Structure formats: C-alpha cells, structure tokens
Amino acid sequence: NSYLTCLKRSDITVQNPGFEQGGKNPSNWDINERPGFLFARDTRFAQDGAASAYIKGSLDAPVNFPSFSQTMPLVDTTGALRMQARVRTRGVQGGWGAYLAIIYLDQNRNRFSAGNSDSSAAGDSDWVYLTEIDEIPSGTKYISIALVLNGVGEAWFDSVSLVHIQNAADMVQPPKVADMALTNNKLQEQFFGFGFQNNPYIYASMNASVTEDEITLLETRIK
C-alpha cells in the first residue's frame with residue numbers, strides 16, 4: 001500500500017539495508033541481545049539478494065525486545081520519516097510479533113520518543129511489507145531504526161529503507177478495513193462497558209436491501 005503520495009521526499013542512507021555484507025552477523029547493524037535469543041545473517045532465506053537478518057527466540061525465552069538496530073544523526077528534523085522493510089516469520093508467538101521501530105534520541109543520545117509499525121508479522125508468514133510513519137518530534141538529534149522480535153520463534157528481516165518526508169501535513173493514511181463474518185456461534189455472552197445502538201435506517205421503507213429476516217436476526221442478537 002502507498003501511504004504517501006506527491007510528497008517531496010529524500011532517502012536517508014541505511015547501511016547494509018539488504019544484509020548482503022557480513023559474516024555470521026550482518027555488518028553495520030548493532031545487536032541488542034536478550035537471554036534466549038540468537039542473532040545471525042541468514043543466507044537460507046532472502047526477500048531480495050542473498051541474505052537477511054535473522055532473530056530466533058527459544059520457546060522458554062522470556063518475551064522481550066531483541067533487535068537489530070542502526071543509529072544515525074538527523075540533520076533536518078522537520079516533516080516525517082517513513083521506514084519500511086520486508087519481514088518473514090515462523091512459529092512466532094507469545095508477544096506482538098516481528099515489527100519495525102524508529103527511536104528518537106536527544107543531543108545526548110538519550111531516548112525520549114519512539115514509534116512502531118502499525119502492524120506486525122506473527123505465526124507463520126511469508127514475506128510481508130511493514131511500514132512505520134512518524135512525524136519527527138521536536139528535540140530529535142539522532143534516530144535509531146530497529147528490527148524487533150517481541151515474542152518467541154523465528155523472524156527474518158530484509159530490504160530496509162528509510163525516507164525523509166518534507167511535508168508531514170500531507171501524509172495520507174489508508175482507511176482501516178475490517179472483514180466481518182456471519183456465524184451461528186456465540187463468541188461472547190457478556191460484555192462489560194459496551195453499549196448497543198441500532199441504526200434506524202434499516203427500518204426505513206426506502207431501504208429495500210434489508211429483509212425482515214435480517215432485521216429479526218439483528219434484534220435477536222442484540223437482545
């Protein structure tokens with residue numbers, strides 16, 4: 001999906017974005033180790049090129065935030081940043097999954113703000129495209145981009161990019177779309193803190209698309 005259109009933008013250099021350089025571990029990337037997690041440059045799977053960044057958490061590892069990261073100065077702190085990467089997972093569970101993050105640092109390289117991709121990859125997933133977009137907070141002098149696995153299992157990251165958007169006011173987010181399925185199964189019988197509101201339009205005579213059976217079903221489920 002394209003989140004930004006017709007904007008003045010410039011690429012920010014990410015070192016070794018496709019993990020093609022390195023030995024056991026990818027060059028130019030810092031490893032934020034956590035107990036029970038393995039890090040590697042993996043040549044078994046790649047979305048593009050010959051390698052990817054790999055994080056594996058054993059099933060008994062405590063859920064944490066192990067990551068590959070890269071820190072860089074940010075000269076122009078106006079507008080917004082867009083980070084993107086491809087992510088693949090196998091057996092990821094117990095947390096939010098594999099995701100992207102941009103961490104904002106002050107002049108002393110202390111963290112004061114952060115943003116995460118609005119979605120993550122979990123379970124067993126083939127290469128998916130994740131995106132993180134943030135307006136740059138005031139006071140930013142450095143940023144750190146991170147590839148994070150929150151949970152256990154295996155995650156691969158590839159094709160990392162970072163773009164500086166000059167006009168943050170023109171950012172357009174795609175609408176959220178939810179798919180709903182009609183079933184005959186009760187999913188929950190008690191709701192606390194929820195209310196129900198019926199739409200009077202379904203009873204209007206000009207709304208011929210709603211049948212009496214559908215109205216009866218709706219009222220029954222509300223009751």
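## Exercises on strand pairing and burial

Strand β3 (residues 37-42) and β4 form an antiparallel pair over six bridges; strands here are DSSP E runs of at least two residues, numbered from the N terminus, and two strands pair if DSSP finds at least two bridges between them. The model is predicted: local features need pLDDT of at least 70, side-chain atom pairs count only at pLDDT 80 or more, and totals for chains, interfaces and linings use all residues. Residues are numbered from 1 along each chain as its sequence is written, and side-chain values use heavy atoms, with hydrogens and water left out.

**Exercise 1.** State why β4 is described as largely enclosed by the rest of the structure.

*Solution.* 
1. Buried means under 20% relative accessible area, with a 1.4 Å probe and protein chains only.
2. Strand β4 (residues 52-57) is largely enclosed because five of its six residues are buried.

**Exercise 2.** Describe the surroundings of Gln84.

*Solution.* 
1. Gln84 belongs to strand β6 (residues 80-105).
2. Its relative accessibility is 8%, so Gln84 counts as buried.
3. Residues touched by Gln84 include Leu100, Leu130 and Val160, leaving aside those up to four places away in sequence; contact means heavy atoms within 4.5 Å.

Technical notes:
Helix = DSSP H or I, 4+ residues; strand = E, 2+ residues; numbered from the N terminus. Buried < 20%, exposed > 50% of the residue type's maximum accessible area, 1.4 Å probe, protein only.
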